[in-house]
Amino acid sequence: MIIKEPNTKVEFEQYYDLRWRILRQPWNQPHGSEKDEKENESIHIMMIHNDSIIGCGQGHFNSPTEAQIRYMVVEEGFQGKGVGTKILNVLERRLTKNGAKTIILNARENAVKFYQKHNYKIIEKGNILFDVIEHFKMRKKICRK
Ligand SMILES: CC(C)(COP(=O)(O)OP(=O)(O)OC[C@H]1O[C@@H](n2cnc3c(N)ncnc32)[C@H](O)[C@@H]1OP(=O)(O)O)[C@@H](O)C(=O)NCCC(=O)NCCS
């Protein structure tokens, strides 16, 4: 398995396609809905296995010290095997190195336990996406050694 930033056009296509397939297609959302206004200023990380993308995640800054992680996705069939943890760890390291003291995220209800395992705490209930997916705003304070 290789963990890296997408660089080529093909890698970015695979990256956005995975996001769309797991986070948007099941709710009949169109292509393009898997992107937001922060793409160009974000850190993008992807995991590759046998030349195929199996996971990805994005991180960006809301302020010099507050970062946000979004679009954490692991391909079906590879979930629950530590791939998400590896991607999250790389994103957290990069964001911390660049000044993050706090990382926030909006977790889908099904992913709350995953983030709790990684020491994120629920702050409040968030929005409901596509009328059905509950979100929880979560936060992790970074302790630097
Ligand atoms: C959420 C997600 C990114 C986690 O990645 P993953 O590779 O499956 O998670 P890991 O294998 O690294 O899991 C790490 C720990 O969290 C736990 N965990 C992961 N997903 C979980 C879930 N849905 N419910 C309960 N525990 C979960 C694992 O059991 C594991 O615990 P362990 O170390 O005690 O075994 C992935 O499952 C996924 O893509 N889900 C669908 C898309 C999604 O909802 N993304 C989140 C958007 S906010």
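Tyr-71 sits in strand E4. The model is a predicted one. Phi of Tyr-71 is near 55°, a positive value in a residue other than glycine. Tyr-71 counts as buried because it has 21 C-beta neighbours inside 10 Å, and the cut-off for burial is 20 or more.

A second residue with positive phi is Asp-131, at about 70°; Asp-131 is not a glycine either. This residue lies in the loop between E6 and strand E7 (133-141). Its surroundings hold 6 C-beta neighbours inside 10 Å, so Asp-131 counts as exposed. The limit for that class is 12 or fewer.

The protein chain contains 3 helices and 7 strands. From the N terminus on, the order of elements is β-α-β-β-β-α-β-α-β-β. The 7 strands form an open sheet with mixed pairing, in the order E1-E2-E3-E4-E5-E7-E6. Strand E1 (2-4) and strand E6 (121-129) are the edge strands, and each pairs on one side only. On average, neighbouring strands of this sheet are turned by 20° against each other, direction ignored.

Helix H2 packs on the sheet. Its contacts are with E1, E2, strand E3 (52-61), E4 and E5. The direction of H2 makes about 30° with that of E3. Strands of a sheet pair through backbone hydrogen bonds, in either the parallel or the antiparallel sense.

The ligand is surrounded by 18 residues. The closest are Gln-79, Gly-84, Thr-85, Lys-113 and Phe-114. Several elements contribute to this shell. Strand E4 (66-74), helix H2 (83-97), strand E5 (102-108) and helix H3 (112-117) each supply at least two of its residues. By class, the shell divides into 8 nonpolar, 6 polar and 4 charged residues.

The overall dimensions of the chain were also computed. Along its principal axes, the C-alpha trace of the protein chain spans about 35 × 35 × 30 Å. A compact globule of 145 residues would have a radius of gyration near 15 Å, and the protein chain agrees because its value is 15 Å. Of the 145 residues, 26% count as buried. Among contacts in the protein chain with a separation of 6 or more, 55% come from residues 24 or more positions apart.

How values were computed
Residues are numbered from 1 along each chain as its sequence is written. This is a predicted model: local features need pLDDT of at least 70, side-chain atom pairs count only at pLDDT 80 or more; totals for chains, interfaces and linings use all residues. A residue is near a molecule or strand if its C-beta atom, placed from the backbone, lies within 6 Å of it. Helices (H or I, at least four residues) and strands (E, at least two) are DSSP runs, numbered from the N terminus. Ala, Val, Leu, Ile, Met, Phe, Trp, Tyr, Cys and Pro count as nonpolar, Asp, Glu, Lys and Arg as charged, and the others, Gly among them, as polar. Two strands pair if DSSP finds at least two bridges between them. Axes are lines fitted to C-alpha atoms, for helices over the stretch in contact, and angles run from 0 to 180 degrees between N-to-C directions. Two residues are in contact if their C-beta atoms, placed from the backbone, lie within 7 Å. The radius of gyration is taken over C-alpha atoms; the globule rule is 2.2 Å times the number of residues to the power 0.38.
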